[in-house]
Amino acid sequence: MAEIKACIFDMDGVLVSTEIYHFKAWKRLTETVLGFSIDEKFNENLKGVSRAVCVDLILQHAGLHKSPEEKAELAAQKNKWFLEYVQTEITPANVYPGVIDFLKSLKQKEIKTAIGSASKNAPLLVEKLGIKPYFNAIVDGNMITKAKPNPEVFLKGAELIGVPPENCVVFEDAKSGVEAAKNAGMHCIGVGSPEILTDADFCIRSFTEMTVERLRF
Ligand code: B16
Ligand code: MG
């Protein structure tokens, strides 16, 4: 049995309910700028994936072609709307139930913690949520070049806290993120539905169900 020495947390959809604002902003973009709509099922493909790759996936989904400049504009518009939602609607109350208690119990057991997020907005959100003191390292979308399912974000997190991948467990809400954790050689607990996160070792619906004792693989 592998000893778990570190927990690496995805941010959007795991620590905080920001995933709905990403969806709202992409939906607004497709409906008002591109002339079609996206649903929650398609949105599963956008979770955990970098902003630029999301634009490509959306255009591909609709069979549209755009120049690199137009793609950059679409990404910028989506981010503008996302930030508007976040600035007006996100407070420390948006941290998911059970998260802070679980982070405190990890600290008590001297298990290290990191964030591994694809989001370039992670530093801003972590600040706004007041959760920075709970983490030994934060890796965000500005520090990586390869989008999930590439394992770069999690390997960098493990390196920063000095724990080998086999002793790390990743918490993820996205298919691409579960794949990235597995590609990193880490354990993975899905946060969400086991029907969607099929490759996770096991899934939880909420951190209120999570205890240090369940970190056994
Ligand atoms: P940004 P995570 C991801 O964050 C989101 O799941 C995904 O929906 C978003 O497109 C991506 O960050 C990039 O975010 O546009 O803020 O740089 O789940 O990896 O914490
Ligand atoms: Mg996520």
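**Strand pairing and the ligand shell**

Visitor: Which residue in β2 stands opposite Cys 7 of the model?
Guide: Strands (E, at least two residues) and helices (H or I, at least four) are DSSP runs, numbered from the N terminus. Two strands pair if DSSP finds at least two bridges between them. β1 (residues 6–9) runs parallel to β2 (residues 112–116), with 4 bridges joining the two. In β2, the residue opposite Cys 7 is Thr 113.

Visitor: What kind of model is this, and which pLDDT limits apply?
Guide: Residues are numbered from 1 along each chain as its sequence is written, chains are lettered from A and ligands numbered from 1 in the order in which they are written, and side-chain values use heavy atoms, with hydrogens and water left out. This is a predicted model, in which totals for chains, interfaces and linings use all residues, local features need pLDDT of at least 70, and side-chain atom pairs count only at pLDDT 80 or more.

Visitor: Which residue of β4 is the bridge partner of Ala 6?
Guide: β1 also runs parallel to β4 (residues 168–172), and 4 bridges join the two. Cys 7 stands opposite Val 169 in this strand. For Ala 6, the partner in β4 is Cys 168.

Visitor: Which residues of β1 point the other way from Ala 6 and Ile 8?
Guide: Buried means under 20% relative accessible area, exposed over 50% and partly exposed in between, with a 1.4 Å probe and protein chains only. The residues of β1 on both sides are buried. Ala 6 and Ile 8 point one way, and the other way point Cys 7 and Phe 9.

Visitor: How many of the residues of β4 are buried?
Guide: Cys 168, Val 170 and Glu 172 point one way from β4, while Val 169 and Phe 171 point the other way. β4 is mostly covered, and the count of buried residues is 5 of 5.

Visitor: How far is the backbone N or O atom of Leu 46 from an oxygen atom of ligand 1?
Guide: A polar contact is a pair of N or O atoms within 3.5 Å; within protein, one must be able to donate a hydrogen and the other to accept it, and residues adjacent in sequence count only if both atoms are side-chain atoms. Asp 12 places a polar side-chain atom 2.7 Å from an oxygen atom of ligand 1. Lys 120 has a polar backbone atom 2.7 Å from an oxygen atom of the ligand. For the backbone atom of Leu 46, the distance is 3.5 Å.

Visitor: What share of the area that ligand 1 exposes when taken alone does the protein bury?
Guide: Accessible areas come from the Shrake-Rupley method with a 1.4 Å probe, and for residues only the protein chains shown count as cover. Taken alone, ligand 1 exposes 460 Å². The share buried by the protein is 99%.

Visitor: Which elements give two or more residues to the shell around ligand 1?
Guide: A residue is near a molecule or strand if one of its heavy atoms lies within 4 Å of it. Ligand 1 is surrounded by 18 residues, and the closest are Asp 12, Glu 19, Arg 51, Ser 119 and Lys 120. The elements that contribute two or more are α1 (19–34) and α3 (51–62).

Visitor: How many residues of the shell around ligand 1 are charged?
Guide: Asp, Glu, Lys and Arg count as charged, Ala, Val, Leu, Ile, Met, Phe, Trp, Tyr, Cys and Pro as nonpolar, and the others, Gly among them, as polar. The shell holds 5 nonpolar and 5 polar residues, and the charged ones number 8.

Visitor: Is Asp 173 buried or exposed?
Guide: Asp 173 is in the loop between β4 and α8 (175–183). Its C-alpha is 5.9 Å from that of Gly 192, 19 residues away in sequence. Because its relative accessible area is 7%, Asp 173 is buried.

Visitor: Is Glu 110 buried or exposed?
Guide: Glu 110 sits in the loop between α5 and β2. Its phi is near 60°, a positive value in a residue other than glycine. Most residues other than glycine have a negative phi, and most peptide bonds are trans. Because its relative accessibility is 72%, Glu 110 counts as exposed.

Visitor: What is omega for the cis peptide bond that joins Lys 148 and Pro 149?
Guide: Pro 149 is placed in the loop between β3 (137–139) and α7 (152–161). For the cis bond between Lys 148 and Pro 149, omega is about 15°.
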